[in-house]
Amino acid sequence: MTRQDYETIAHVVKLTRSDFVVGDDYMDWHSSNIFNTLVRNLAKHLKNDNPRFDKARFVDACEFDGG
């Protein structure tokens, strides 16, 4: 995969996250857990695909809250 592929994935995740946000950047507990699991799993698998993959940068691009 290319850097552009990773950026596209992060962009789609970010857009999808916005569908779950309610009110003032609030995501309910269940949605937050699903989103956080998705981002962690994607980052893990993308890192396996490319050892130079920057997990922190990807997570930031996804607007992951770490929860």
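Reader: Which residues of helix H1 are buried?
Author: In this predicted model, the buried residues of H1 are Tyr-6, Ala-10, Val-13 and Arg-17.

Reader: What makes these residues line one face of the helix?
Author: Look down the axis of H1: the buried residues fall within an arc of 60°, so they line one face. In general, an α-helix has 3.6 residues a turn, so residues three or four places apart point the same way.

Reader: Which exposed residues sit on the face of H1 turned away from its buried side?
Author: That face carries Gln-4 and Asp-19.

Reader: Why is Tyr-6 called buried?
Author: The cut-off for buried is under 20% relative accessible area. Tyr-6 has 9%, so Tyr-6 is buried.

Reader: What does Tyr-6 touch?
Author: Leaving out residues up to four places away in sequence, Tyr-6 touches Met-1, Leu-46, Asp-49, Asn-50, Phe-53 and Phe-58. Phe-58 is 52 residues from Tyr-6 in sequence, yet their C-alpha atoms are 7.5 Å apart in space.

Reader: And why does Val-13 count as buried?
Author: The relative accessibility of Val-13 is 6%, under the 20% limit, so Val-13 counts as buried. Val-13 is found in helix H1. With residues up to four places away not counted, Val-13 touches Phe-35, Val-39, Leu-42 and Cys-62. Val-13 and Leu-42 are 29 residues apart in sequence, with 9.9 Å between their C-alpha atoms.

Reader: Why is Asp-19 called exposed?
Author: Exposed means over 50% relative accessible area. Asp-19 has 64%, so Asp-19 is exposed. Asp-19 lies in helix H1. From Asp-19 to Ser-31 is twelve residues in sequence and 10.0 Å in space, C-alpha to C-alpha.

Reader: What about Met-1: buried or exposed?
Author: Met-1 has 52% relative accessibility, which is over 50%, so Met-1 counts as exposed. Its place is in the segment before H1. Met-1 still has contacts: Tyr-6, Ile-9, Leu-46 and Asp-49, not counting residues up to four places away in sequence. The C-alpha atoms of Met-1 and Asp-49 are separated by 7.8 Å, although the two residues are 48 residues apart along the chain.

Reader: How do you know that the span of H1 agrees with what a helix should give?
Author: H1 covers residues 3-20, which is 18 residues, and at 1.5 Å a residue these should span 26 Å. The end C-alpha atoms of H1 are 26 Å apart, so the two values agree.

Reader: What span does H2 reach?
Author: H2 has 21 residues and reaches 30 Å from its first C-alpha to its last, close to the expected 30 Å.

Reader: Which residues of H2 are buried, and what makes them line one face?
Author: In H2, the buried residues are Ser-31, Ser-32, Phe-35, Asn-36, Val-39, Ala-43 and Leu-46. Seen down the axis of H2, they fall within an arc of 130°, so they line one face. The face turned away from the buried side carries the exposed residues Trp-29, His-30, His-45 and Asn-48.

Reader: Why are H1 and H2 called roughly antiparallel?
Author: H1 and helix H2 (residues 29-49) pack at an angle of about 175°, with their axes 11 Å apart. An angle over 145 degrees counts as roughly antiparallel, and H1 and H2 are therefore roughly antiparallel to each other.

Reader: Which residues meet where H1 packs on H2?
Author: From H1 come Tyr-6, Ile-9, Val-13, Arg-17 and Phe-20; from H2 come Ser-31, Phe-35, Val-39, Leu-42, Leu-46 and Asp-49. The residues of this contact divide into eight nonpolar, one polar and two charged.

Reader: What does the whole protein contain?
Author: The protein has three helices and two strands, and along the sequence they follow the pattern α-β-β-α-α.

Reader: What share of the protein is buried?
Author: Buried residues make up 25% of the 67 residues.

Reader: And what share of the contacts joins residues 24 or more positions apart?
Author: Among contacts with a separation of 6 or more, residues 24 or more positions apart account for 62%.

Note on methods
Residues are numbered from 1 along each chain as its sequence is written. This is a predicted model: local features need pLDDT of at least 70, side-chain atom pairs count only at pLDDT 80 or more; totals for chains, interfaces and linings use all residues. Side-chain values use heavy atoms; hydrogens and water are left out. Helices (H or I, at least four residues) and strands (E, at least two) are DSSP runs, numbered from the N terminus. The expected span of a helix is 1.5 Å times one less than its number of residues. Buried means under 20% relative accessible area, exposed over 50%, partly exposed in between (1.4 Å probe, protein chains only). The arc is that of the directions from the helix axis to the C-beta atoms. Axes are lines fitted to C-alpha atoms, for helices over the stretch in contact, and angles run from 0 to 180 degrees between N-to-C directions. Angles under 35 degrees count as roughly parallel, over 145 as roughly antiparallel, 65 to 115 as roughly perpendicular and the rest as oblique. Contact means heavy atoms within 4.5 Å. Ala, Val, Leu, Ile, Met, Phe, Trp, Tyr, Cys and Pro count as nonpolar, Asp, Glu, Lys and Arg as charged, and the others, Gly among them, as polar.
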